[in-house]
Amino acid sequence: GDLRSGGGSVDVCRERLAGLVADIISTVEFNHTGELLATGDKGGRVVIFQREPESKNAPHSQGEYDVYSTFQSHEPEFDYLKSLEIEEKINKIKWLPQQNAAHSLLSTNDKTIKLWKITERDKRPEGYNLKDEEGKLKDLSTVTSLQVPVLKPMDLMVEVSPRRIFANGHTYHINSISVNSDCETYMSADDLRINLWHLAITDRSFNIVDIKPANMEDLTEVITASEFHPHHCNLFVYSSSKGSLRLCDMRAAALCDKHSKLFEEPEDPSNRSFFSEIISSVSDVKFSHSGRYMLTRDYLTVKVWDLNMEARPIETYQVHDYLRSKLCSLYENDCIFDKFECAWNGSDSVIMTGAYNNFFRMFDRNTKRDVTLEASRESSKPRAVLKPRRVCVGGKRRRDDISVDSLDFTKKILHTAWHPAENIIAIAATNNLYIFQDKVNSDMH
Amino acid sequence: MLSKGLKRKREEEEEKEPLAVDAWWLDPGHAAVAEAPPAVASSSLFDLSVLKLHHSLQQSEPDLRHLVLVVNTLRRIQASMAPAAALPPVPSPPAAPSVADNLLASSDAALSASMASLLEDLSHIEGLSQAPQPLADEGPPGRSIGGAAPSLGALDLLGPATGCLLDDGLEGLFEDIDTSMYDNELWAPASEGLKPVPEDGPGKEEAPELDEAELDYLMDVLVGTQALERPPGPGR
């Protein structure tokens, strides 16, 4: 059925295959205006797409995303102390709010965070006195008069430079970074610790959460994701492998090991299994744009939490409940450990998350309707309407239904992003990036 | 075995159904499950979990989340098998293959051992976290931490050396080092060992006392003659 969002129906009807990234995409992130979309991949590269301004001359290509810049963010490193190679895979990218003509973003691999500045150059100086066009020094005897160099337009050049490198802050693997609303600090989280950094200072950070036990044999829980509150610069949340969320207030203590609030849903006794803990592990947590809610993703569900209610989520949506009877097989092939992300739309009325078989799911919080869509070249042509998909679990089977047993578990949609204001979504399917736009109802209510 | 699981085609999914059937207690639709908490796990689920644990530890840098989740799951399984686990170890290998033939087909020697050695391996893994850690840790919480090199956590140590540690135990790691010099109680915490002998003699029980012979020995060692004269220790 149609996904209804606010007034009128929303048809997800346009696909633009924005790029075939050479390597497996590992993160996708829109900037704060949605004009830029950054992807990071397993090879340490960052590719930034820019939305073309709508043009009257080419009405069909309004608002498409084209490649804006590509650069190598991280290289594989060798840790000589531990005799280990550090992967160059980009785990997360976060944009800084734009404060001048330049754009800035943070990118991180397992160990090192980097601040990149992206600037445009569309003019160049011409008419130097001492150098010629190619930059070679002129023979001074030929210089008979002085001229003032002038700026001439040139083809747009996008320059990217590393401004800061935040290294040696983490013993364990970084899973999240989050920029504070104060625009001066950010945090980075690994399995056991969360550090607070000042964007201008690279040689030290403050440890604000430490859950490493005195004896590692007592380790039973790790940090899986963390994020700053969008408005309150003192608040942040982190999730754990046991399915709990901890909201912390940095004003309360320097070390936020004691949470302000603990959000945890009691285990459902009718659904208990040996895999209960694994499937409760939270793989992603996102504050709503309003700051009133949090969205979490665990293996089988997405949940909406109200910051004022710690006892249980206010909403739970089943992503692929048909997998509940397959948990043993999924444990065996390690799929049960897959980490899916989740996303809010701009008005916090629709949530989205990925699944298997290149399917992704959207849930309308108001109408309680949901839809399953597929990101693949076979099923999507430019300007075609995406057809809702259905997974059948036995019983009546419609013509285009997919049976659970024929799902391809190697095709995972782990990374998805939603434009901050419009109905535009970016879906990473292995090494393909899909961008879908809603053409009927472009404006958010 | 794990790669087998990842690469398997869809047809092979049917072959795996027996495993799902075997794990009937996991089926929420099953009447028995709706009423009672999970019953005893099959040993194949236990074996699978131990296999995953080994595999995880063999990574140069284990994925901590994966490791912790597998260990916790293994503990749950162990707990459910507790009545059986408390007994002397499981019958020898002949019984095991029949249960977990597919899973153990490509196992190495450690995995095809009896459950006793599996449980022992598990406690080795837990015991390893107390392995000596050359920590240059980040300092007290709440303070700013320097950009120093990251400390070595115990689980990091488990990585490269895990294979031999699990097989030989910690002792095997130090086999070729002559520790005989250090076996003497003189080399207890320095502050105690080198305290001057109190005037009131050996009346005290608490701190280790140095008598004259031990003091002589200590001097000889410091001078270096003892070290050269001592025969090779038990380690060789």
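Two strands pair if DSSP finds at least two bridges between them. Keep that in mind as you look at this predicted model, which scores ipTM 0.89 and pTM 0.71. Let's start with a hairpin and a sheet in chain A, then turn to confidence in chain B.

**The hairpin of chain A**
- Strand 14 (residues 176–179) of chain A pairs with strand 15 (residues 185–189) of chain A in the antiparallel sense, over 4 bridges.
- Look for A:Ile177, whose bridge partner in strand 15 of chain A is A:Ser188.
- Between the two strands of this hairpin lie 5 residues, and A:Cys183 takes a positive phi near 60 degrees there.
- In a regular strand, side chains alternate between the two faces of the sheet.
- Strand 14 of chain A is covered on both faces: A:Ser176 and A:Ser178 are buried on one side, A:Ile177 and A:Val179 on the other.

**The open sheet of chain A**
- Four strands of chain A form an open sheet in the order 10-11-12-13, with antiparallel pairing.
- Strand 10 (92–95) and strand 13 (150–166) of chain A each have a single partner strand, so one side of each is left without a neighbour in the sheet.
- On average, neighbouring strands of this sheet are turned by 25 degrees against each other, direction ignored.
- Strand 12 (residues 113–126) of chain A pairs with strand 13 of chain A over 13 bridges, and A:Lys123 stands opposite A:Pro153 in strand 13 of chain A.

**Confidence in chain B**
- Chain B averages a pLDDT of 52, and 19% of its residues score at least 70.
- Among the elements of chain B, helix 5 (residues 64–80) has the highest mean pLDDT (93) and helix 7 (residues 95–104) the lowest (33).
- Residues 85–174 of chain B have a pLDDT below 50.
- Where pLDDT is low, the predicted coordinates should not be read in detail.

Technical notes. Residues numbered from 1 in each chain as written. Chains lettered and ligands numbered in written order. Predicted model: local features only at pLDDT ≥ 70, side-chain atom pairs only at ≥ 80, totals over all residues. Heavy atoms only, no water. Buried < 20%, exposed > 50% of the residue type's maximum accessible area, 1.4 Å probe, protein only. pLDDT = per-residue confidence, 0-100. Contact = heavy atoms within 4.5 Å. Axes fitted to C-alpha atoms, helices over the stretch in contact; angles between N-to-C directions.
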